[in-house]
Amino acid sequence: MRMKRLVTAALAAAMVLSMTACGGSQGESQTEAPADSQAASETEAQAQESDAAEGTVVITGSTSVEKIVNEMKSEFEALNPGITIQYTGNGSSAGIKDTIAGSNNIGASSRELTEEEKAEGLTETQFAYDGIAIAVNPANEVQDVTLEQLQKIYSGEITNWKELGGKDAEIYVVSREESSGTRSAFEELIKLEETDGLTSNAAVSEGNGPVQIAVAGNENAIGYVSFAYIDDTVKQLTVDGVEGTVENVKNNTYALSRPFLFVSKDDTIGEAGKKFLEFAVSADGQACVEKDNAIRIDQ
């Protein structure tokens with residue numbers, strides 16, 4: 001009988017040890033599983049972060065910002081070797097339309113957005129501002145022009161330089177293509193909408209560079225370009241007696257000025273695009289703005 005009790009006790013003890021061992025094993029499994037899960041989550045997060053820092057950012061729009069964007073592209077790609085910036089200058093309006101349609105990541109504009117464009121849910125990032133310079137040939141005797149005179153020149157009411165104190169010669173008017181942000185800003189600033197619009201005699205050039213070249217090659221030409229395109233091949237006129245300089249744009253005394261904007265939509269900009277916008281307003285990005293004679297937003 002005593003032997004039977006001993007055997008029963010031994011069996012019971014063995015069962016307890018077996019249950020404890022299973023419980024311990026289960027406990028270890030329960031504590032290790034979260035660690036494995038956490039490691040997997042961290043790996044996934046690192047992979048997502050890596051993906052976010054790679055790809056191509058497509059930017060289309062204003063030709064006025066071409067020099068700045070290309071400068072930013074070089075600096076940004078050097079700092080972010082996994083990202084490529086692809087820029088096409090097709091005019092501010094075209095770039096904004098591309099952003100609305102979702103065919104780019106970022107649009108570049110050298111003018112304010114219209115109310116209709118703002119209604120499309122675009123996010124604006126101002127990265128610089130700029131003055132619009134009135135350019136004539138260096139041989140031209142005229143030194144100053146008023147906003148009212150510019151309106152009359154571009155509407156076709158004033159057609160001869162002698163009406164502005166210059167020589168007796170027909171004014172060769174050079175303007176920009178309809179999609180140009182510079183043209184939109186210029187026409188708004190001189191209130192061209194109060195007239196019948198741009199004279200039919202105006203020559204239309206696509207881009208700041210071609211306007212500069214046209215004016216440099218014709219003694220009787222007048223055109224408007226971004227500050228960055230003024231060099232010794234053309235002469236810049238004062239406007240209402242005020243010189244077109246960075247300081248005068250900043251202190252709001254120069255009448256022909258406008259913003260440089262990047263526009264985007266949350267569902268198409270992408271992580272790489274967001275990173276580029278962050279760079280554009282950073283100290284490094286603003287150094288690119290200054291290098292190309294535009295005006296920093298942090299000045």
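User: Why does Arg-111 count as buried in this structure?

Analyst: In this predicted model, Arg-111 has a relative accessibility of 7%. Buried means under 20%, and therefore Arg-111 counts as buried. Arg-111 lies in the loop between β3 (106–109) and α4 (115–118).

User: What makes the pair Arg-111 and Glu-117 a polar contact?

Analyst: The side chains of these two residues approach to 2.8 Å. The cut-off for a pair of N or O atoms is 3.5 Å, so the side chains of Arg-111 and Glu-117 make a polar contact.

User: Which residues is Arg-111 in contact with, leaving aside its neighbours within four places in sequence?

Analyst: Among them are Ser-92, Ser-93, Ile-96, Gly-181 and Ser-184. The list also includes Pro-259 and Leu-261, and strand β10 covers residues 257–264.

User: Why is strand β10 described as largely enclosed by the rest of the structure?

Analyst: Of its 8 residues, 7 are buried, so β10 is largely enclosed by the rest of the structure.

User: How do you know that β3 and β10 pair?

Analyst: Pairing requires at least two bridges. β3 and β10 have 3 bridges, in the antiparallel sense, and therefore count as paired. In one of these strands, β10, Phe-262 is the bridge partner of Ala-108.

User: What joins strand β4 to β10?

Analyst: Strand β4 (residues 123–136) runs antiparallel to β10, with 8 bridges between them. Phe-262 in β10 is the bridge partner of Thr-125.

User: Where does pLDDT stay under 50?

Analyst: Residues 1–52 stay under 50, and the model has 2 contacts beyond four places in sequence for them. The protein chain averages a pLDDT of 85, and 82% of the residues score at least 70.

Terms used
Residues numbered from 1 in each chain as written. Predicted model: local features only at pLDDT ≥ 70, side-chain atom pairs only at ≥ 80, totals over all residues. Heavy atoms only, no water. Helix = DSSP H or I, 4+ residues; strand = E, 2+ residues; numbered from the N terminus. Buried < 20%, exposed > 50% of the residue type's maximum accessible area, 1.4 Å probe, protein only. Polar contact = N/O pair within 3.5 Å; in protein donor to acceptor, adjacent residues only side chain to side chain. Contact = heavy atoms within 4.5 Å. pLDDT = per-residue confidence, 0-100.
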